[in-house]
Amino acid sequence: MIEYILLILLAIEYLYFGLLGLIDPASTSALVAFTLNETISFSEFRAYYSFFTFLGLLCVIAIFEKQLRAKTYFVLALLNGSFVFGRVVSILHDGMPDQLLWTVFIVDFCVFVISAWRYNVLR
C-alpha cells in the first residue's frame with residue numbers, strides 16, 4: 001500500500017513540474033526565481049524538465065510493474081541525492097539560502113531519504 005501512495009505522489013510531482021517546464025519554461029523558471037534569456041537556456045530547461053516528466057512516467061509504470069519499483073527509487077534517490085549535495089555545496093560556497101531555496105532543499109532532501117529508504121527495503 002505504501003508503494004502505491006508514494007509512487008502516485010511522486011508521479012504527480014514529477015509529471016506536473018516536468019510538463020509545466022516543457023510547456024512553459026519561462027513561467028516555470030520564474031517559480032524558482034531565475035529568467036531564461038537565450039535560446040539555449042530554453043532548450044536546457046526543457047531538457048531537464050523532460051527528464052522530470054520521464055521520471056513521472058517511470059513512477060506511473062512502477063505502480064503497475066513491481067520489478068521496476070526498486071530501480072525507480074534508485075533513480076529518484078540518485079537524482080535527489082545529487083541535488084542535495086549540490087545545494088549543500090552552494091550553501092557552503094554562496095552563503096545561507098533564502099526561504100525559497102530552503103523549501104526546495106527540504107523537498108529534495110525528503111524525496112532523497114524516502115527514495116533511498118524504499119530502495120533499500122525493496123532491493
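Where is valine 88 placed? Valine 88 sits in helix 4. The structure is a predicted model, in which local features need pLDDT of at least 70, side-chain atom pairs count only at pLDDT 80 or more, and totals for chains, interfaces and linings use all residues. Residues are numbered from 1 along each chain as its sequence is written, and side-chain values use heavy atoms, with hydrogens and water left out.

**Overall build**

- The protein has five helices and zero strands. Helices (H or I, at least four residues) and strands (E, at least two) are DSSP runs, numbered from the N terminus.
- From the N terminus, the order of elements is α-α-α-α-α.
- Along the principal axes, the C-alpha atoms fill a box of roughly 40 × 35 × 20 Å.
- Of contacts with a separation of 6 or more, 68% join residues 24 or more positions apart. Contact means heavy atoms within 4.5 Å.

**Surface and burial**

- Of the 123 residues, 32% count as buried. Buried means under 20% relative accessible area, exposed over 50%, and partly exposed in between (1.4 Å probe, protein chains only).
- The protein exposes about 7,800 Å², and carbon and sulfur atoms supply 73% of that area. Accessible areas come from the Shrake-Rupley method with a 1.4 Å probe; for residues, only the protein chains shown count as cover.

**Largest pocket**

- The largest pocket holds about 750 Å³ of space. On a 1 Å grid over the protein atoms alone, a pocket is an open set of points where a 1.4 Å probe fits, with protein on both sides within 12 Å along at least five of seven lines; lining residues have an atom within 4 Å of a point. Grid points are joined across faces, edges and corners, and the volume is the space filled by probe spheres set on the points.
- The lining has 23 residues, and Val32, Tyr49, Phe52, Arg87 and Val104 are the closest to the pocket centre.
- Helix 1 (2-23), helix 2 (25-31), helix 3 (39-64), helix 4 (69-94) and helix 5 (99-122) each give two or more residues to this lining.
- Helix 5 supplies the largest share, seven residues.
- By type, the lining has 17 nonpolar, three polar and three charged residues. Ala, Val, Leu, Ile, Met, Phe, Trp, Tyr, Cys and Pro count as nonpolar, Asp, Glu, Lys and Arg as charged, and the others, Gly among them, as polar.

**Residues in helix 3**

- Leucine 55 lies in helix 3. It counts as buried, at 3% relative accessibility.
- Beyond its neighbours within four places in sequence, leucine 55 contacts Tyr14, Val75, Leu76 and Leu79.
- Leucine 55 and leucine 7 are 48 residues apart along the chain, with 11 Å between their C-alpha atoms.
- Isoleucine 61 is also found in helix 3. At 40% relative accessibility, it counts as partly exposed.

**Valine 88**

- Valine 88 has 34% relative accessibility, so it counts as partly exposed.
- Its C-alpha atom is 8.7 Å from that of phenylalanine 105, 17 residues apart along the chain.
- Its C-alpha atom is 32 Å from that of isoleucine 61, 27 residues apart along the chain.

**Alanine 33**

- Alanine 33 lies in the loop between helix 2 and helix 3. It counts as exposed, at 60% relative accessibility.
- Alanine 33 is not a glycine, yet has a positive phi of about 65 degrees. Most residues other than glycine have a negative phi.
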